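Visitor: I would like a close look at one part of this model. Please pick a pair of packed helices, then lead me on from there.

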Amino acid sequence: MISSYAYSGLINAIVSLLFGLIVYFGNKKAELNKKFLIMCSSVFAWSIAYFFWQISDNAETALFWSKALMVGAIFIPVTYFHFVLVFLNKLKENRKLLIFIYILSFIFLFLDFTPLFVKNVEAIPIFPYWPKAGIAYGPFVFMFVVLGIYCWYLMFKSLKKSTGTEKLQIKYVFIGTLIGYSVGITNYFLWYNIMIPPVGNWLVPVYIVSIAYAVLKHHLMNVKVIAAELVGGALILVFLFNLFLSQTSGEFLTNLILFIFVFIFGVLLIRSVLQEVKTREEMQKLAEDLEIANEKLKELDKAKSDFVSIASHQLLTPMTAIKGYSSMTLEGSYGEVPEKMKSVLEKIFQSSNRLVSLIADFLNLSRIERGKMEYNFQKVDLKEIVKGLMEEFKIINVEKKKNLDLSLSIEAGKDFNLIADPDKIRQVIYNLFDNAMKYTHKGFIKTALSREIEKGIIKLRVQDSGIGMDREALEKIFQKFTRAENGSKAYVEGVGLGLYVAGEIVKAHQGKIWAESEGEGKGSTFYVELPVNFK
Ligand code: ADP
């Protein structure tokens, strides 16, 4: 009967080989991954010989495999030490010690071919052929223990200095080492007739996996990917063993064909998974780059908003002064203005007026972008605001000689009170009237105020017979700095901010704003819906 220890040897062999290869192929160029593979190879050599030793049915083969398993075992400590040095970036300081340990290991390897290392095999409880230690075996165990303590010491030192992922990685290797050493230790007692069985052997997969995990933390190999590789690799190995265990040549042939199939399938599976990992890593890198670029853009955007805010504030005060004084001069506050100067002053006034509202738009934009737009909500009668603005625009209509037919219809008997910021709402409606006037050369501007009681909303409609717009323009005019092509031609000075700001203000009131038009040259209608009560 095959003992459970034979199975544990087999499992350990599979796991160590598999994870060694997974880590190695995860990043073939990385020194750490190479060192891990070398260490896993030692563990593999030890455990596979362990399996054959366990299934040996006579003392002679058992002795042969006992010596063979020590070949792997001798190199586990030193390859592990090498791995830890690369892992902790401590190779330079410890190079001489490492070389010394390698030399020692090769001496032990030489001794392994003599009875000084493994004396003979004897029957003990559970194990029919357990090896007995020769005189040179003790120094090997001593080296094993001292090296283990030294590795822990190094890791402990690095652990204190490290942070984040690095700290986590060291922790995994630290725990891995703890487990790995318990494996080794439980194997040595029986050599010296201490009746403790090698129970630690069952922990080899944990040791391998935890260290593999620490190495892979650098990369994007997730559990799913590792699992796929595990299945692929395990299948191949199982079928390989099956092949070796064939009794007849017929069975061998069937197993061979099966093995070839499984091998091809397994290799394809692993290759495709590795490809996936590569793509994922590349994607992750791209995503990280994008995130960095995004952060930078955000910073730049903020810097821009801050700049616009400061610049606008600096501009607004002198511009308001120019506007105020030119208006007062025009009105005759500083004496009579000669006819010749009037048109010049008029131009100064109009230009400064335009600039003041442009700067106000910029200021609003930067406030919105910095999340600093402040609202002063209170009870407002929308009817009064619309009426007042209509009066203002009637005067502008005359001054600018537009000759448009301006009308306002207010649904009778309805209440138009709502909670809103009066200045901001006035700005929205002002903008709609101003646009209607700018983009209408002849015809009318019809404004209507209505209230839909069931829905709890007040609705304003501003309809003009102006240049209208196509479907494409309708979709984008509420974005900042966007204008319709015909709009830019009709009114050159616009910048495309007014509707964006209006949209943001309406949004803050939990309302809706939109535009409709039958097409270019067919007039436009703008709608604003505001809830009467909002929270
Ligand atoms: P501006 O008028 O400064 O360009 P707005 O944000 O107020 O900025 O308007 C954006 C664009 O929407 C305008 O450039 C124009 O193309 C279009 N638009 C706005 N109102 C009207 C309207 N009443 N009729 C036709 N086009 C309009």
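Guide: Start with α3 and α6, which are roughly antiparallel to each other (an angle over 145 degrees). This is a predicted model, where local features need pLDDT of at least 70, side-chain atom pairs count only at pLDDT 80 or more, and totals for chains, interfaces and linings use all residues. Residues are numbered from 1 along each chain as its sequence is written, and side-chain values use heavy atoms, with hydrogens and water left out.

Helix α3 spans residues 59–87, and helix α6 spans residues 164–188. Helices here are DSSP runs (H or I, at least four residues), while strands are E runs of at least two. The axes of α3 and α6 come within 12 Å. They cross at roughly 170 degrees, on a scale from 0 to 180 degrees. The crossing is left-handed (the near helix is turned anticlockwise from the far one by less than a right angle).

Which residues of α3 and α6 meet? From α3 come Y80, F83 and F87. From α6 come Q169, I170, V173, T177 and Y181. Contact means heavy atoms within 4.5 Å. The residues of this contact divide into 6 nonpolar, 2 polar and no charged.

F64 and W65 form an edge-to-face aromatic pair (centres within 6.5 Å, planes over 60 degrees apart). Their rings lie 5.1 Å centre to centre, with 75 degrees between the planes. F64 is exposed, at 51% relative accessible area, whereas W65 is partly exposed, at 25%. The cut-offs are under 20% for buried and over 50% for exposed, with partly exposed in between.

Y439 and Y491 make another edge-to-face pair, with centres 6.3 Å apart and planes at 85 degrees. Y439 sits in the loop between α12 and β6, and Y491 in the loop between α14 and α15, so the pair ties together parts 52 residues apart in sequence. Both tyrosines are buried. The whole structure holds 38 aromatic pairs. Ring pairs also link F108, F117, Y137, F140, F144, Y188, W191 and Y192 into a cluster.

Now move on to α15, residues 498–508. Here 9 of the 11 residues are buried, so the helix is largely enclosed by the rest of the structure. Among the buried ones are L499, Y500 and E504. Their cover includes α10, α12, β8 and β9. After α15 comes Q510, whose phi is positive, near 60 degrees.

Definitions and conventions. Parallel < 35°, antiparallel > 145°, perpendicular 65-115°, else oblique. Nonpolar A, V, L, I, M, F, W, Y, C, P; charged D, E, K, R; others polar. Buried < 20%, exposed > 50% of the residue type's maximum accessible area, 1.4 Å probe, protein only. Phe/Tyr/Trp six-rings, centres within 6.5 Å; stacked < 30°, edge-to-face > 60°.
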